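Biologist: I am new to this one. Please show me how to read its features, step by step.

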Amino acid sequence: LYPSQSGFAFAAGMLSAFDLLIGIDHAQLGEALEVPSDLREAAFNGTSGVGRLIAAVTAYQLHGQVPTDFPGITAADMDLAAAHAFSWAVRMAHGMDAAIP
């Protein structure tokens, strides 16, 4: 949906879930991090295009809600994207494990 912003969207998506990793309240983390305002908005507020995309993915992951903000996106599309993301994460973890002696 936002191919020209894929790196930005990746960073915002990672930040949006960072609270789960470190056990800090989502809103509190958004206020505490020193990141550019557009990245903070996308990761924690969900009003920009990338922010709405992250909010839609989160709602699908947590509640199974298919996004209505993005016409044509189906549950199958969301599941396929999640499978690709999981596969990427496994490959990255394997690569990191292999690099550690």
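**Reading the model**

Modeller: Start with one residue. Leaving aside residues up to four places away in sequence, Glu41 touches Gly46, Thr47 and Ser48. Keep in mind that this is a predicted model.

Biologist: Where does Glu41 lie?

Modeller: Glu41 is part of helix 3, which covers residues 37-44.

Biologist: How far away is the nearest side chain of opposite charge to Glu41?

Modeller: First, the cut-off: a salt bridge needs a side-chain nitrogen of Lys or Arg within 4 Å of a carboxyl oxygen of Asp or Glu. For Glu41, the nearest side chain of opposite charge is Arg52, 8.4 Å away. Glu41 has no salt bridge, yet this residue is buried.

Biologist: Let us step back to the whole chain. How many helices and strands are there?

Modeller: The chain has five helices and zero strands. From the N terminus on, the order reads α-α-α-α-α. Along its principal axes, the C-alpha trace spans about 45 × 35 × 30 Å.

Biologist: What share of the residues is buried?

Modeller: Of the 101 residues in the chain, 23% are buried. The accessible surface of the chain is about 6900 Å², and carbon and sulfur atoms hold 64% of it.

Biologist: Now the core. Which residues make up the largest nonpolar core?

Modeller: The general idea comes first. In soluble globular proteins, nonpolar side chains tend to be buried together. Here the largest nonpolar core has 10 residues: Ala9, Ala12, Leu15, Leu29, Leu39, Ala42, Ala43, Phe44, Val50 and Ile54. At least two residues of this core come from each of helix 1, helix 3 and helix 4 (49-63). Helix 3 gives the most, with four residues.

Biologist: What does Phe44 touch?

Modeller: Beyond residues up to four places away in sequence, Phe44 touches Leu15, His26, Leu29, Gly30 and Leu33.

Biologist: And ring pairs? How many aromatic pairs does a search of the whole structure find?

Modeller: The search finds one. The rings are those of Phe10 and Trp88, with centres 5.4 Å apart and planes at 80°, so the pair is edge-to-face. The pair links distant parts of the chain: Phe10 sits in helix 1 (residues 6-22) and Trp88 in helix 5 (residues 75-99), 78 residues apart.

Biologist: Why does Phe10 count as partly exposed?

Modeller: Because its relative accessibility is 42%. Trp88 counts as partly exposed too, at 35% relative accessibility.

Biologist: What share of the contacts with a separation of 6 or more joins residues 24 or more positions apart?

Modeller: That share is 39%.

Note on methods
Residues numbered from 1 in each chain as written. Predicted model: local features only at pLDDT ≥ 70, side-chain atom pairs only at ≥ 80, totals over all residues. Heavy atoms only, no water. Buried < 20%, exposed > 50% of the residue type's maximum accessible area, 1.4 Å probe, protein only. Lys, Arg positive; Asp, Glu negative; His and termini not counted. Contact = heavy atoms within 4.5 Å. Phe/Tyr/Trp six-rings, centres within 6.5 Å; stacked < 30°, edge-to-face > 60°. Core = buried A, V, L, I, M, F, W, Y, C linked by side-chain atoms within 4.5 Å. Areas by Shrake-Rupley, 256 points an atom, 1.4 Å probe, with all protein chains shown as cover.
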